[in-house]
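Have the sequence and the 3D view open as you read.

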Amino acid sequence: GDEPEAPAVDPQVEKAAMDALLLKSFLQAARTSKGLIDDDSSGNLKGGAMDINTLYSQHLRPCRPQGTSVDVKKSSHKKLGKFFSDLEKEMKP
């Protein structure tokens, strides 16, 4: 009946927050996931190409901050391929 409604959240703010959480989780995975980055300081992914679904499920998601949920569909990227493509574009000089 008279329960207060949840405050409306701006979808753009929600997407920006998820974008930031995805990036933070990815960077944490890159720093801490054993076997993800080559040990030769090149910064390359070990073994060359890695399936992005494996990268997401086995490295990125486990590295998200405790108590949070990462969902690429709720980000501005919508899909993993676009997230990694956008990330690659950002990293290029």
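## The overall picture

Of this protein's 93 residues, 25% count as buried; buried here means under 20% relative accessible area, exposed means over 50%, and partly exposed is what falls in between (1.4 Å probe, protein chains only). The protein has three helices and zero strands, so the elements read α-α-α from the N terminus on. Helices (H or I, at least four residues) and strands (E, at least two) are DSSP runs, numbered from the N terminus. Take the contacts between residues at least 6 apart in sequence: 60% of them join residues at least 24 apart, a contact being heavy atoms within 4.5 Å.

Some housekeeping: this is a predicted model, in which local features need pLDDT of at least 70 and side-chain atom pairs count only at pLDDT 80 or more, while totals for chains, interfaces and linings use all residues. Residues are numbered from 1 along each chain as its sequence is written, and side-chain values use heavy atoms, with hydrogens and water left out.

## How the helices pack

Start with helix H1 (residues 11-32), which packs on H2 at an angle of about 80 degrees, the axes being 10 Å apart. Axes are lines fitted to C-alpha atoms, for helices over the stretch in contact, and angles run from 0 to 180 degrees between N-to-C directions. That angle makes H1 roughly perpendicular to H2; the label covers 65 to 115 degrees, with under 35 counting as roughly parallel, over 145 as roughly antiparallel and the rest as oblique. H1 brings Leu22, Ser25, Phe26 and Ala29 to the contact, and H2 brings Leu55, Tyr56, His59 and Leu60. By type, the residues of this contact are six nonpolar, two polar and no charged. For that tally, Ala, Val, Leu, Ile, Met, Phe, Trp, Tyr, Cys and Pro count as nonpolar, Asp, Glu, Lys and Arg as charged, and the others, Gly among them, as polar.

H1 also packs against H3, at an angle of about 75 degrees and with the axes 12 Å apart. H1 and H3 are therefore roughly perpendicular to each other. Leu22, Leu23 and Phe26 of H1 meet Phe83, Phe84 and Leu87 of H3, which gives six nonpolar residues, no polar and no charged.

## Two side chains on H1

Ser25 sits in helix H1 and is buried, with a relative accessible area of 0%. A polar atom of the Ser25 side chain lies 2.8 Å from the backbone oxygen of Leu21. Leaving aside neighbours within four places in sequence, Ser25 is in contact with Leu60, Cys63, Arg64, Pro65 and Val70.

The backbone oxygen of Gln28 is 2.7 Å from a polar atom of the Thr32 side chain. Thr32 and His59 are 27 residues apart along the chain, and their C-alpha atoms are separated by 9.0 Å.

Which loop holds His77? His77 lies in the one between helix H2 (52-60) and helix H3 (80-91). With a relative accessibility of 12%, His77 counts as buried. Its side chain makes a polar contact of 2.8 Å with that of Asp86; such a contact is a pair of N or O atoms within 3.5 Å, where within protein one must be able to donate a hydrogen and the other to accept it, and residues adjacent in sequence count only if both atoms are side-chain atoms. Not counting residues up to four places away in sequence, His77 touches Asp19, Leu22, Lys82, Phe83 and Asp86.

Asp86 has another partner: Lys82 forms a salt bridge with Asp86, the closest N and O atoms being 2.9 Å apart. The rule asks for a side-chain nitrogen of Lys or Arg within 4 Å of a carboxyl oxygen of Asp or Glu, and the count comes to one salt bridge. Both residues lie in helix H3, four residues apart, about one turn of the helix. Asp86 counts as buried at 17% relative accessibility, whereas Lys82 is partly exposed at 42%.

Most residues other than glycine have a negative phi. Lys78 is not a glycine, yet has a positive phi of about 70 degrees. Lys78 is found in the loop between H2 and H3 and is partly exposed, with a relative accessible area of 41%.
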